[in-house]
Amino acid sequence: MSSTHSTPAGMPLVALRAFVAAGRQGNFTRAAEALGVTQGAVSRHVAALEAFANTRLFVRRGSSIEFTPSGLQLFEAVKDAMATLELTMQLLAQRGHTHDRLKVRTSMPSFAMTVVVPALGGYTARHGVQIDLITSLSAPQPADDFDVLISRDLSLPGAESWELTREELICVATPALLAQHGARAKSQWPMVAARSRPDAMATWAVAADMAPDSLHVVATYDHLFLAVTAAIAGTGFLVVPRLVVRDQLRDGSLVPASELCVDSGARYVAYVNTHSAHAQSAREFCRWLKGMLRERT
């Protein structure tokens, strides 16, 4: 393709964006809809890019388009970079709104999955604040980007905090498994364990006047939420924070295996990051979370 236009001084990024959208959609009309512009605008941007590159980028076949070899080469080279740019700009735009988005970090994925996440839809609908939930077991660093920390084993010195609840450990099983093994000595119960919470079973065993190593563990899982799923399936008895299996206790899929309920001494605490740009929204979220947990317990 020949061109009488002089080469522009800079790469036309808007034209590249239209080109990538057209390549993804395979159609100028759909690309225009995705970008929120007219089909004519997409055509003009692609034409400008073809003039810049001095080559055809698409072959038109009716309402559809196909890449030329040069067009495919350009698309493969820039599509990921364009997606990264678009995502980065979206995140920067979100960061500028102090009222409609919070980053909540937690070191308790099982608690987050079973207790917090199911309630977030209602919180967003009521308060108009979207929650981005991040799980991390590492200690927070000053440069880390989050607004609220929820933890039982980490802390933020000097930060505002709310004690959400104290942890109670119970042993649960399916009704069928309890009927089969409940009359036996606890040391003969088939137990499932979680590597993420090795302290739970030991704390419960000591409170039951048993040596932790006397328990009969039949299966071990990396995370507590996997162990909960195994317990629901009838794999074994499980020592677990009561709050994590509250719904299963309510619907009867799991039942307490004994009357023993142990205060582990752990506290679930929510902290507002002192570096948060959304401190007021973070405080409101912490207050809501504490109230929600009070209702659940």
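Buried residues have under 20% relative accessible area, exposed ones over 50%, and partly exposed ones fall in between (1.4 Å probe, protein chains only). This is a predicted model, where local features need pLDDT of at least 70 and side-chain atom pairs count only at pLDDT 80 or more, while totals for chains, interfaces and linings use all residues. Residues are numbered from 1 along each chain as its sequence is written, and side-chain values use heavy atoms, with hydrogens and water left out.

View 1. Let us start with Cys 286, which is buried at a relative accessible area of 0%. Cys 171 counts as buried too, with 0% relative accessibility. A disulfide is a covalent bond between the sulfur atoms of two cysteines; here the term is used for a pair of cysteine sulfur atoms within 2.5 Å. The search of the whole structure finds zero disulfides. For Cys 171, which is in no disulfide, the nearest cysteine sulfur belongs to Cys 261 and is 12 Å away.

**View 2. Helix 1 from end to end.** Helices (H or I, at least four residues) and strands (E, at least two) are DSSP runs, numbered from the N terminus. Helix 1 covers residues 13-25, and its end C-alpha atoms are 18 Å apart. That agrees with the 18 Å that its 13 residues should span at 1.5 Å a residue, since the expected span is 1.5 Å times one less than the number of residues. Which residues of helix 1 are buried? They are Ala 15, Leu 16, Ala 18, Phe 19, Val 20, Ala 21, Ala 22 and Gly 23. Just after helix 1 comes Gly 26, with a positive phi of about 70°.

**View 3. The largest nonpolar core.** A nonpolar core is a set of buried Ala, Val, Leu, Ile, Met, Phe, Trp, Tyr and Cys residues joined through side-chain atoms within 4.5 Å. The largest one holds 26 residues, and Phe 111, Ile 150, Phe 285 and Leu 289 touch the most other members. Two or more residues come from each of strand 3 (101-106), helix 5 (109-127), strand 5 (148-151), strand 6 (161-173), strand 11 (262-272) and helix 10 (279-296). Helix 10 provides the largest share of this core, seven residues.

**View 4. A cavity and its lining.** On a 1 Å grid over the protein atoms alone, a cavity is a set of points where a 1.4 Å probe fits but cannot get out, and lining residues have an atom within 4 Å of a point. Grid points are joined across faces, edges and corners, and a volume is the space filled by probe spheres set on the points. How many cavities of 30 Å³ or more does a search of the whole structure find? The search finds one, and the volume of the largest cavity is about 40 Å³. Its lining is made up of Val 192, Ala 193, Ala 194, Arg 197, Ala 200, Met 201, Leu 224, Leu 238 and Val 239. Strand 7 (190-194), helix 7 (198-207) and strand 9 (237-241) each give two or more residues to this lining, and strand 7 gives the most, with three. By type, the lining has eight nonpolar residues, no polar ones and one charged; Ala, Val, Leu, Ile, Met, Phe, Trp, Tyr, Cys and Pro count as nonpolar, Asp, Glu, Lys and Arg as charged, and the others, Gly among them, as polar.

**View 5. Positive phi in two loops.** Asn 54 sits in the loop between helix 3 (39-53) and strand 1 (58-61). Its phi is near 60°, a positive value in a residue other than glycine, and Asn 54 is partly exposed at a relative accessible area of 41%. Asp 209, in the loop between helix 7 and strand 8 (216-221), also has a positive phi, near 60°. Asp 209 is exposed, with a relative accessible area of 74%.

**View 6. Distances along the chain and in space.** Glu 167 of strand 6 is buried at 2% relative accessible area. Glu 167 and Arg 267 are 100 residues apart in sequence, with 6.1 Å from C-alpha to C-alpha. Val 42 of helix 3 is buried at 0%, and 52 Å separates its C-alpha atom from that of Val 269, 227 residues apart along the chain.

Key:
On a 1 Å grid over the protein atoms alone, a cavity is a set of points where a 1.4 Å probe fits but cannot get out, and a pocket is an open set with protein on both sides within 12 Å along at least five of seven lines; lining residues have an atom within 4 Å of a point.
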